[in-house]
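Let's take a walk through a protein model together.

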Amino acid sequence: DRLTPLVAHPHADAGVVGSKKAFVNATGNDTVAAGFYKLPKGISAAAAVEKMQGNANRVGFMIIPEGRQLDSKKGADGKTTPGIFQLIADATAVKTDDATYGVTVEDLMKAADTASADELGIPSWARETFDKLGNDHRRIEGLIASGAWENLNPESSPVELLHSLITDSAKRFTAWGLESDNKTGLTPYQTLVTASIVEREASVEGDFAKVSRVILNRLTDDQRLEMDSTANYTANIQNIDLSGAAYKDENAWNTYQHKGLPITPIGSVGERALHATLNPADGDWRYFVTVDRDGKTLFSRTFEQHKKNRQVACDNKLLVTGCE
């Protein structure tokens, strides 16, 4: 076996099939996605095409879910959610007869810790925070967009992989409207941070723009955001029913302890959350709480009504902390 890039059909050069023409002819009306594949040497063009259908032999492909953090995190249920670094490591890991390819989580973390802004391709609107966080890998949190990433080259270095993902993500964000004129008063980076909170706080798509409005209303009022998602960001164990030390930790992401937005986004951002942030719903809500496992969320203007709404979540056994 060997690692075979499919860009302009260079399979003959890689020693997989006899000629490029044979591969093109064998492809016929079939669709073969550009990317990287692990294929045996010296097989027929038809066999190569067959092995390249679907994802069984494909490497360098990953999907980043909306709201996913760089670091893997353990939940209250004991299950670990793989972080973006782990997803990259898994997508690039391949062993052939010739060599072993890929990067590790530790490789990626070190690259994020130590590489320069230029080496990582940090967009201009994110460099102030990048510089402020020094050698902390979380300085690139949120700069890799959610969605499908199809062409991660397993032969690339950790810095090259991060540079590619960050620069291509910046293009996605621009296409999604990050740098467009809007009425929120937020900078592009603040917009990305806000959208990352929307990703983690909104349970159903219809609530995205309403959560965005709550965040903006609180920022306007100089009221602490007090979002559980921001306290969960650094928590050792993430839990929808947040309690204890997670509330009190005075890290730069915890909006229970600090006014304003967290220092960086708290996860990957998708188009719908970004659109909702740029186009918040009209409303005077200052509070919201998800009250059941179907994602039903109640919004309120006053804290008194919020307490009543929160009790609904308690009655539904979704929350235990602070319940009557």
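Before we start, one term: two residues are in contact when they have heavy atoms within 4.5 Å. Also keep in mind that this is a predicted model.

With that in hand, look at helix 9 and helix 13. From helix 9, Thr-191, Thr-194, Ala-195, Val-198 and Glu-199 meet Ala-273, Leu-274, Thr-277 and Leu-278 of helix 13. Sorted by class, that contact is made of five nonpolar, three polar and one charged residues. The axes of the two helices come within 8 Å and cross at roughly 115°, and the crossing is right-handed.

Now for the inside. In soluble globular proteins, nonpolar side chains tend to be buried together. Here, the largest nonpolar core has 62 residues, and those touching the most other members are Met-62, Ile-88, Ile-122, Ile-140, Leu-143, Leu-162 and Phe-173. Among the elements giving two or more residues to this core are strand 4 (62-64), helix 8 (158-175), helix 9 (188-201) and helix 13 (271-278). Zoom in on Leu-143: beyond its neighbours within four places in sequence, its contacts include Ile-122, Trp-125, Leu-165, Phe-173 and Leu-192.

There's also a second, separate core of six residues, including Val-289, Val-291, Ala-313 and Cys-314. That cysteine leads us to a disulfide: Cys-314 pairs with Cys-323, with their sulfur atoms 1.9 Å apart. The torsion about the S-S bond is about -80°, so this disulfide is left-handed. Are its two ends buried or partly exposed? Cys-314 has a relative accessible area of 7%, so it is buried, whereas Cys-323, at 25% relative accessibility, counts as partly exposed.

Technical notes:
Residues are numbered from 1 along each chain as its sequence is written. This is a predicted model: local features need pLDDT of at least 70, side-chain atom pairs count only at pLDDT 80 or more; totals for chains, interfaces and linings use all residues. Side-chain values use heavy atoms; hydrogens and water are left out. A nonpolar core is a set of buried Ala, Val, Leu, Ile, Met, Phe, Trp, Tyr and Cys residues joined through side-chain atoms within 4.5 Å. Buried means under 20% relative accessible area, exposed over 50%, partly exposed in between (1.4 Å probe, protein chains only). Helices (H or I, at least four residues) and strands (E, at least two) are DSSP runs, numbered from the N terminus. Axes are lines fitted to C-alpha atoms, for helices over the stretch in contact, and angles run from 0 to 180 degrees between N-to-C directions. A crossing is left-handed if the near helix is turned anticlockwise from the far one by less than a right angle, and right-handed if clockwise. Ala, Val, Leu, Ile, Met, Phe, Trp, Tyr, Cys and Pro count as nonpolar, Asp, Glu, Lys and Arg as charged, and the others, Gly among them, as polar. A disulfide is a pair of cysteine sulfur atoms within 2.5 Å.
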